[in-house]
Amino acid sequence: MAMRIALSDYRALAALRYRIRLFLSEGDAAARRAGLEPQQYLLLLAVRGLPEGAKATIQVLAQRLMLKHNSTVELIDRLEMHGYLRRSQSRQDRRCILVKLLPRGKQLVERVARERLTELRGGGDALSDALDTLLGRKPNSQRIRVDRIRVKNRAQLGRTKGRRRKS
């Protein structure tokens, strides 16, 4: 028998999809502000953020970007032309091409990533809430909002200590 999907599940899926798309759209805009096409930023990010022990080969980068090999090569060509990265042959396997970020590429990806992390840390509660709702967990933002109010109130109390109240 097929699982019945509740209206709340449809709403949670729609909210999660919206929040993910919004995050991705804002990321594309951040890349463009830095002078990159979104795919170029994603490739730089993929190289910089590879899991420990993984090598930045064209095949690995294509998989991580969900692109075809030739599309990945074209992206690498453009980024290499701008001095953001360099490719070289692997010493262990001369058939294998490795991609390495150059200082200019590291600076650029760091600038965009810093902006993205700041945005996510500032407004990621909605994305987290959408996922929590879908997974059947109580959204954390209610707790976070209460904690922020407590911190704000403590800060205000600290400012009034030692002062006399006017009657």
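Select Arg116 and Glu119 to begin: they form a salt bridge, with the closest N and O atoms 2.4 Å apart (a salt bridge is a side-chain nitrogen of Lys or Arg within 4 Å of a carboxyl oxygen of Asp or Glu). Both sit in helix H5, three residues apart, about one turn of the helix. Salt bridges with shared partners tie Arg33, Glu115, Arg116 and Glu119 into one network.

A word on what you have open: this is a predicted model, where local features need pLDDT of at least 70, side-chain atom pairs count only at pLDDT 80 or more, and totals for chains, interfaces and linings use all residues. Numbering starts from 1 along each chain as its sequence is written, and side-chain values use heavy atoms, with hydrogens and water left out.

Now colour by accessibility (buried is under 20% relative accessible area, exposed over 50%, partly exposed in between, with a 1.4 Å probe and protein chains only). Arg116 is buried at 6%, while Glu119 is partly exposed at 30%.

Then jump to Arg95 and Asp93, another salt bridge, at 3.0 Å between the closest N and O atoms. Arg95 is exposed at 74%; Asp93 is partly exposed at 28%.

Finally, zoom out: the count comes to eight salt bridges, and buried residues make up 26% of the 167 in the protein chain.

Definitions and conventions
Helix = DSSP H or I, 4+ residues; strand = E, 2+ residues; numbered from the N terminus.
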